[in-house]
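Have a look at the sequence and the structure first.

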Amino acid sequence: GATAQGMIQLADEVGREGVAFLAPQAARQTWYPNSFLAPVERNEPGRSSGLQAISDAIGEANDAGIPIERIMLIGFSQGACLASEYLARNPQRYGGLAVLSGGLIGEDIDPDDYLADDPDLEGTPVFLGCSDVDPHIPEERVHDTADVLESMNADVTKRLYEGMGHGINEDEMEYVSGMVADLVDD
């Protein structure tokens, strides 16, 4: 139900001078029709379309002279799920990934689906923040996502917040702001 404009407002809270934001808009404010825990085929073609929107945004940034290692993916809920899935399926060094209430997409997570061909995220900083009782994101999926990304050589920070529900808190915003600052000041 969120809009690209809403993500730009969130980005304004973590941004600083010298940072550009690209926020793809999901058709009818949803990237895919079912829970991210549904079998992948039940969320097609939306899932693939969302992954392509991320790829297109990265392409726009690259065309503007911004290399992958200076690009940070940030998403909340469905956007967080797509961002984590994109990074895991397109491994290389990125500027960072912030997964706010999300995780890898699919009914079950099989690490072998991501770890074939020895993928390497080359120390990409990753932040996973979620409630321990999020009604949409099981705590176990946050752990599974962290495990897969760590296996791919990401530098993962995971924070579970007690009783928070489905949202973003101040601690998460401060952490993501620090990631953006580190990327800009680097």
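Here is a short tour of a sheet and some helices.

## Before we start

This is a predicted model, where local features need pLDDT of at least 70, side-chain atom pairs count only at pLDDT 80 or more, and totals for chains, interfaces and linings use all residues. Residues are numbered from 1 along each chain as its sequence is written, and side-chain values use heavy atoms, leaving out hydrogens and water.

## The sheet

Strands here are DSSP runs of E with at least two residues, helices are runs of H or I with at least four, and both are numbered from the N terminus. Two strands pair if DSSP finds at least two bridges between them.

Strand β3 (residues 125-131) pairs with β4 in the parallel sense over 7 bridges. In β4, Y161 is the bridge partner of S131.

## Two crossing helices

The axes of α2 (residues 46-63) and α3 (residues 78-89) come within 10 Å and cross at roughly 70°. Axes are lines fitted to C-alpha atoms, for helices over the stretch in contact, and angles run from 0 to 180 degrees between N-to-C directions. That makes α2 roughly perpendicular to α3, a label for angles of 65 to 115 degrees.

Among the residues making this contact are L51 and I54 of α2 and L82 and Y86 of α3.

Key: Angles under 35 degrees count as roughly parallel, over 145 as roughly antiparallel, 65 to 115 as roughly perpendicular and the rest as oblique. Contact means heavy atoms within 4.5 Å.
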